[in-house]
Amino acid sequence: MKKGSKIFIITEAVLAVLVCLVAITMLWERRGRNLDQLSVIVADSDDTQWSAFKYGLRMAAEDNGVELFFVSTGEELTVEEQQRLIQTEIDNGADSVIVQPLPGAEEMLLKLERKLPVMLIGYAPEEDGVSDLPAVAPDNYGMGTALAEELLEDNGGNLEGKKLGILLESTASQAVLDRKQGFQDTVKKAGASVIWSVETGASGEWPADMTAQPEADCVAALDDASLTAAGAYSSSNDLQGARVYGIGHSTEAAYYLDTGAVECLIVPDEFNVGYQSLTEAASQLRELFYRMRDRTVSYTAIRQEELFTKENQEILFTMSQ
Amino acid sequence: MGRDKKLSCLERLRPSGIQSTIIAAFTVISVSIMLILGIVLYIRFSTISREAMVQSTGMLMEQTGETLEDYLVSMRQISDAAYYNVIKENDLSARDQEIQTKMNLLYEANRDNLQSIAIYNDYGSLMAAEPVAAQKEAPGVVEQDWYKQAMEEMENMHFSTPHIQNLFDDGTHRYYWVISLSRAVELTDNGVSQLGVLLVDMDYSAISRMMNQINTADNGQYYYLCDSKGEIIYHPQQIQISDGIISEDSEAVAKYKDGVYDLTFQGEQRKVIVNTISYTGWKLVGVLPYDALSAGTINIRYFIILIILLMAMMLALINRVVALRISSPILKLNDSVKEYEAGETPEIYIGGSSEIRHLGLSIQNSYEQIDTLMKKIVLEQNERRKSEFEALQSQINPHFLYNALESITWMVEGERNDEAVFMISQLAKLFRISLSKGRTVISIRDELQHAQSYMNIQMIRYKNTFSVVFDIDPAVYSYCIVKLVLQPLLENAINYGVEGMDDSGEIRVTGREENGTVLLSVSDNGFGMSEEQGSLVLTGRSRSHKHGSGVGLVNVNNRIQILFGKEYGLQIKSEPDEGTTVSIRVPAIPYTEENRKLLEQGRIWGREGTQDTGTQEKQG
């Protein structure tokens, strides 16, 4: 074959290949790429305490262009059930999952992490003090400490002889235990004594009558459910005049602060828990060499009179979504 | 060096063939046209697309602005209705039921967009509200912005930025995000007129719904609403902004008048469309990042690239067909000419366009003419040479034979038998060399032998009335020479030189080599010639032959020059009464069979080797 013919055939072939590539790219662009799917599994998913978290997730999903599935769960979520739900999500095409770790779920989550990226929220299970999974959470111990400091502030920095009660969920996760630890460490140093600690029973319900508990000067509610329960007790004067301090992130919690049933509210930035956890997970899916990292979100101490400041209104806004 | 290399690379790239030149030229032209066309089309299409995008965004914003305005107008109408139809006409204490009913009617008619309607007196006490709900304990109404604004500027209605409604406790443990429309009103309570504030709390979700409806693009384009100070009322990423995750230049944009602006914010270029909502001073802002504008033109870009590639494929095909069609006849003609030059005798290609056919015909005719002429020239040359040789040799032989035989006759008649025998033997030698097996080129040794024999015969004939001396350098014996060139010289020396000199005549034959040239000379001490006569000898117009063979020096000169070239031949030097010397100059060509054949075939011995005599003569 002559040199000219060879060059002609090669040129035509190269141009034909380019035409095919451009045509395929055009079709690809028209069809649009498949969005990454992210599933979120938390206990009692319909509870208002997740409003800000869900809003954060939704905003991050829009910003990162991923498809978000918020799995509906009941109040009581077991490890087995959580595992089954995660598997269902994976079967339905989830590329990554965001999970609220349950006590005893560490091994299951570590196994799961080998299949797909897993991001934890609330706290990271630790083994020998080291966490193998990334987590977005507030500083739980710090929040417990901050709650105690608010109590100290109201008592002139001295809790000598003060009797305290603690409310927390019986299925309390490590997060709540850390808060308790932070709270107890601080109040004990200040001379107060924890005279009772009430957890929800096996049914997840709070005791109907709190007047049976010894009279306490202050009650600390260390999670949102406990705080709403404490708020309700306080409103109906079941706590025998004890002032309530608590950690919460629902409108109910804010409502009890607004009505004066709760003295001080520590609010973790749940919006950012949702936003950052999803952003981290989406980044790992989008970028080949990106690995999710632990993120710690902030928290805010709110008093009744500060509830409607501009900054706190935004916290209420995220809770109200 | 580098530049030379580049130049040589460019030289190498330069197309050498006509076909490649045509293809290269067509390719350059077509690629340039396609690129220019593609770029112009792309710029035009993308400009149109961007303008259309900006225009549609502007129209969408206008519609949304109108909807927002309608919404806000309806809120103002509610406020007006509450004020003029309810508050102004009734005493709040005396006719509270009637007021409540009317407010309830107003609320129910607009409950989709309303959160609440409330009337406060100048102390901030709630006078009436709809829907009926428990007021919170000490909500601090007079400290709230909407109340303060209404009291500060009583003549106006005031729209607040979105905020949590902090007035009522409806028992749902919920907080409502509202925009407050407040105005100072004149109340009548228990017959006493006093100032108050009418508050219409609009449900923020009505506005966010409107804005969400237009914030559906996933290409980075978005719309937000801010007040005249740039405070965000609605933004699709409101919390991200307040958390500092992203930022928005709403404060700067709030100062712009309605229109389209090209702005750069945080290194990102974007088009910003501003639309002011009347009465409130709110700004509806559409943000079109340049990336979003380009995203709309990506398909156009691909489409134009596709068109260009398809055009390139077509043009490559057309280029090749056209180039082949133009160049093919020329290449065929060129090939046939090349074959002709290589010595073959092909048919010259005649085809293609009329010009090329004409060219082919011309070349064919030229070649035919050249062939004919060449054959004719060669034939003529051969004929000429042959006839010259034949003529010269025929001139020599009869003269000499006549003279020799005459001498032998005299000897026999005079009974000088020994001399006759010697004469005959010399004649035999002479003829042997003369014939030389038909060769025209012999060695100088043979030519000298021939001359010796000739002179021996002549000496007998002239009874030794002159003497002959042969002074030959033996080195010249082995060179080539044309046969029978010395004999005419000797004959002339005898006849015009020494004859009649009474025993004092002398003929001297010398031979030597000088700078690659052999010089054979025949000198006599005879009567000599004048310079004028000498110059005529070699032109053939000299004195008439009184003796001899009749073969003149002209013939000898011609024969030498035919074989060896014009630079060789005879030279004559003569002085009256002193004698004449005739010299033969020939190249020193060693006498070998090969050289002899070459010379006899008519090849001239030159510096660069042998040349065709015909060509040489033609050039001469």
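Which are the buried residues of H14(B)? They are Leu553(B), Asn555(B), Val556(B), Asn557(B), Arg559(B), Ile560(B), Ile562(B), Leu563(B) and Phe564(B). A residue is called buried if 20 or more other C-beta atoms lie within 10 Å of its own, exposed if 12 or fewer do, and partly exposed in between, with C-beta atoms placed from the backbone.

This is a predicted model, in which local features need pLDDT of at least 70, side-chain atom pairs count only at pLDDT 80 or more, and totals for chains, interfaces and linings use all residues. Residues are numbered from 1 along each chain as its sequence is written, and chains are lettered from A and ligands numbered from 1 in the order in which they are written.

**Chain B as a whole**

Chain B has 16 helices and 22 strands; helices (H or I, at least four residues) and strands (E, at least two) are DSSP runs, numbered from the N terminus. Of the 620 residues in chain B, 33% are buried. Among contacts in chain B with a separation of 6 or more, 65% join residues 24 or more positions apart. Two residues are in contact if their C-beta atoms, placed from the backbone, lie within 7 Å.

**Two helices and their ends**

The expected span of a helix is 1.5 Å times one less than its number of residues. The table sets this beside the model.

| Helix | Residues | Expected span | C-alpha end to end |
|---|---|---|---|
| H14(B) | 553–564 | 16 Å | 16 Å |

H14(B) is mostly covered, with nine of its twelve residues buried. After H14(B) comes Gly565(B), which has a positive phi near 110°.

In H10(B), the buried residues are Met423(B), Gln426(B), Leu427(B), Leu430(B), Ile433(B) and Ser434(B). They lie on the same side of H10(B), because they cover an arc of only 125° around the axis; the arc is that of the directions from the helix axis to the C-beta atoms. The face turned away from this buried side carries the exposed residues Asn417(B), Asp418(B), Val421(B), Ala428(B) and Leu435(B).

**A helix pair**

Two packed helices are described by the angle between their axes and the distance between the axes. The axes of H2(B) (residues 18–87) and H5(B) (residues 204–214) come within 11 Å and cross at roughly 170°. H2(B) is therefore roughly antiparallel to H5(B). Axes are lines fitted to C-alpha atoms, for helices over the stretch in contact, and angles run from 0 to 180 degrees between N-to-C directions. Angles under 35 degrees count as roughly parallel, over 145 as roughly antiparallel, 65 to 115 as roughly perpendicular and the rest as oblique.

On H2(B) the contact is made by Leu60(B), Thr64(B), Thr67(B), Leu68(B) and Tyr71(B), and on H5(B) by Ala206(B), Met210(B) and Ile214(B).

**Two single residues**

Asp218(B) lies in the loop between H5 and strand E9 (222–226) of chain B. Asp218(B) is exposed because 11 other C-beta atoms lie within 10 Å. The C-alpha atoms of Asp218(B) and Ala292(B) are 8.9 Å apart, although 74 residues separate them along the chain.

Trp146(B) belongs to helix H4 (residues 145–152) of chain B. Trp146(B) has 25 C-beta neighbours inside 10 Å, so Trp146(B) counts as buried. Beyond its neighbours within four places in sequence, Trp146(B) is in contact with His158(B), Ser160(B), Ser180(B), Ser182(B) and Leu199(B).
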